[in-house]
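Hello,

Here is the structure I promised to pass on. Please open it first; my notes follow below.

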Amino acid sequence: MVGAWGGYTFVLNMIGVHAAILIMMGRFDRGLHKAYTLWYIIGTLGAIQFPVVGLAPLKSLEQLGPLGVLFWMQLMLVCDVYKRRQGDNFSEKRYRDFQILLFLGAGFAALLVLFVFL
């Protein structure tokens, strides 16, 4: 798609927006995680192979949204695995508290990396 048509950024963002909307609607599952993760990694590695594109998918602000969705899905998978391992005695409040704590911790780690290493 990158070599034949330069609109890969549009398609990349539309798929990222669609995946984000599915997560917000509560439709996250392992199939969505597997499909989006494989699509993003294989597609980005393929796009980087073109000299015109280079590392733009990882640097350009207009292409960082789908990368954020990828990280969001990884955190959602961690929450899903934690919930499955807890079994039946796991309340929704405790699950929501774990999600909030995990996302705050990831945000703090991102800010720490941003301010320390950049």
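This is a predicted model. For the protein chain as a whole the mean pLDDT is 89. Of its residues, 95% reach 70 or more.

Length first. H4 covers residues 64-86, 23 residues in total. At 1.5 Å a residue it should span 33 Å. Its end C-alpha atoms lie 34 Å apart, so the two values agree. After H4 comes Gly87, with a positive phi near 85°.

Which residues of H4 are buried? They are Pro66, Leu67, Val69, Leu70, Met73, Leu75, Met76, Cys79 and Asp80. Their cover includes helix H1 (8-24), H2 and helix H5 (92-117).

Now the pairing of H2 with H4. Two packed helices are described by the angle and the distance between their axes. Here the axes come within 10 Å and cross at roughly 145°. The crossing of H2 past H4 is left-handed. On the H2 side, the contact is made by Arg30, Leu32, His33, Tyr36, Thr37 and Tyr40. H4 contributes Pro66, Leu67, Val69, Leu70, Met73, Gln74, Leu77, Asp80, Val81 and Arg84. By class, this contact of H2 with H4 has 10 nonpolar, 3 polar and 3 charged residues.

Best regards

Note on methods. Residues are numbered from 1 along each chain as its sequence is written. This is a predicted model: local features need pLDDT of at least 70, side-chain atom pairs count only at pLDDT 80 or more; totals for chains, interfaces and linings use all residues. Side-chain values use heavy atoms; hydrogens and water are left out. pLDDT is the predictor's confidence in each residue, from 0 to 100. Helices (H or I, at least four residues) and strands (E, at least two) are DSSP runs, numbered from the N terminus. The expected span of a helix is 1.5 Å times one less than its number of residues. Buried means under 20% relative accessible area, exposed over 50%, partly exposed in between (1.4 Å probe, protein chains only). Contact means heavy atoms within 4.5 Å. Axes are lines fitted to C-alpha atoms, for helices over the stretch in contact, and angles run from 0 to 180 degrees between N-to-C directions. A crossing is left-handed if the near helix is turned anticlockwise from the far one by less than a right angle, and right-handed if clockwise. Ala, Val, Leu, Ile, Met, Phe, Trp, Tyr, Cys and Pro count as nonpolar, Asp, Glu, Lys and Arg as charged, and the others, Gly among them, as polar.
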